[in-house]
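Load the model and keep the selection panel at hand.

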Amino acid sequence: MRVIVCGAAGFVGSHLCDRLLATGYEVTGVDSLITGSLQQNLAHLRRHARFVFHRHDISQPWSFAGPLDAILNLASPASPRDFANLQLDILRVHSQGMWNMLELAREKGARFLLASSSEIYGMPDHHPQAESYHGNVDPVGDRSCYNEGKRFAEALVMAYHRQYGLSIRIARLFNTYGPRMRLNDGRAIPNFIGGALRGEPLVLYGDGTQTRSLCYVSDTIRGLQLLLESDETRPVNIGNPHEWSMLNLAEFINDQLGNAAGLCYGSPLHQDDPRRRKPDIARAQATLGWQPEVELAQGIAWTANWMRSQMQKTACAAV
């Protein structure tokens with residue numbers, strides 16, 4: 001199959017390119033590089049015979065020559081720091097960027113997969129979150145650029161499916177982690193692992209009781225490919241239903257990495273920061289035969305090894 005991966009130089013997008021290439025796909029990667037990194041995430045694919053990269057912002061018009069089987073859209077800044085600094089870019093890629101890529105899919109008769117997010121559930125008052133839950137989102141909150149961007153993107157995908165018969169897939173991803181996350185990403189895993197590797201106290205926000213459900217990147221990518229190749233057109237949660245409080249996660253990472261510096265408390269939890277996250281994955285299990293396989297201890301070890309190597313490279317470059 002010949003496919004386009006939007007957001008190819010990002011954390012999840014680059015791993016998706018790897019998996020699709022390993023299973024025989026011909027992949028064209030597209031990324032604006034506003035947060036993605038060619039050197040960190042795609043350098044190993046530079047000479048791959050079935051991979052081509054284009055630096056392009058999908059919010060701008062773009063054409064593609066020849067036949068095309070699928071577009072997988074993972075294009076968007078996706079960390080809390082991005083929500084603060086790149087609000088208009090995020091809204092633009094989820095609106096005009098989505099429109100451009102959907103039109104290309106319609107022109108080519110290609111399948112379209114949207115990597116949506118658990119953020120569409122907002123501050124959930126249903127737990128765990130099943131795909132039938134419609135969410136509780138503040139449309140003018142500090143995270144609304146991403147929450148509402150993903151919700152609009154889902155609505156637009158479904159409109160193309162209903163009006164034009166476009167073959168579509170929607171994955172709602174929950175808290176993916178692993179190698180190639182940005183070291184200064186601002187999310188819990190790089191913050192905690194980075195602090196532990198430096199021997200610093202791990203900083204908790206709020207009282208540490210807020211929860212996340214952490215899915216190692218290889219499990220997420222496997223779920224995306226299974227969804228792409230399935231006949232499922234309803235949204236599908238892709239995440240690990242094992243729920244961790246931030247306090248327990250920080251203590252676990254300190255223990256795993258031998259950090260004796262302990263914990264400390266930082267700023268109060270932001271009012272829009274979700275208090276609980278846990279996917280109901282019954283649909284993924286039933287329709288895709290998917291469930292996560294990587295235990296947190298193994299995933300943390302792999303991620304820490306990668307982060308340690310990146311920190312060493314940064315230190316050497318500074319000398």
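In what order do the 7 strands of the open sheet lie? In this predicted model, the order is β3-β2-β1-β4-β5-β6-β11, and the pairing is parallel. Select β3 (51–55) and β11 (235–238) next: they stand at the edges with a single partner strand each, so one side of each has no neighbour in the sheet. On average, neighbouring strands of this sheet are turned by 20° against each other, direction ignored.

Now select residues 70–73 and 111–117, which are β4 and β5. These two strands run parallel and are joined by 4 bridges. Ile71 stands opposite Phe112 in β5.

Select residues 11–22 for α1, which lies across β1, β2, β3 and β4 and runs at about 165° to β1. Then select residues 144–164 for α5, which lies across β5, β6 and β11, at about 155° to β5.

Go to Arg180, in the loop between β7 (176–177) and α6 (188–197). Is Arg180 buried or exposed? Its relative accessible area is 13%, and because the cut-off for buried is under 20%, Arg180 counts as buried. Show its side chain together with that of Ser14: the two make a polar contact at 3.1 Å. Beyond its neighbours within four places in sequence, Arg180 is in contact with residues including Phe11, His15, Asp18 and Trp306.

Last, select α8, residues 246–257. From first C-alpha to last, this helix of 12 residues reaches 16 Å, close to the 16 Å expected. Its buried residues include Met246, Leu249 and Phe252. Just after α8, Gly258 has a positive phi of about 70°.

Definitions and conventions: Residues are numbered from 1 along each chain as its sequence is written. This is a predicted model: local features need pLDDT of at least 70, side-chain atom pairs count only at pLDDT 80 or more; totals for chains, interfaces and linings use all residues. Side-chain values use heavy atoms; hydrogens and water are left out. Buried means under 20% relative accessible area, exposed over 50%, partly exposed in between (1.4 Å probe, protein chains only). A polar contact is a pair of N or O atoms within 3.5 Å; within protein, one must be able to donate a hydrogen and the other to accept it, and residues adjacent in sequence count only if both atoms are side-chain atoms. Contact means heavy atoms within 4.5 Å. The expected span of a helix is 1.5 Å times one less than its number of residues. Two strands pair if DSSP finds at least two bridges between them. Axes are lines fitted to C-alpha atoms, for helices over the stretch in contact, and angles run from 0 to 180 degrees between N-to-C directions.
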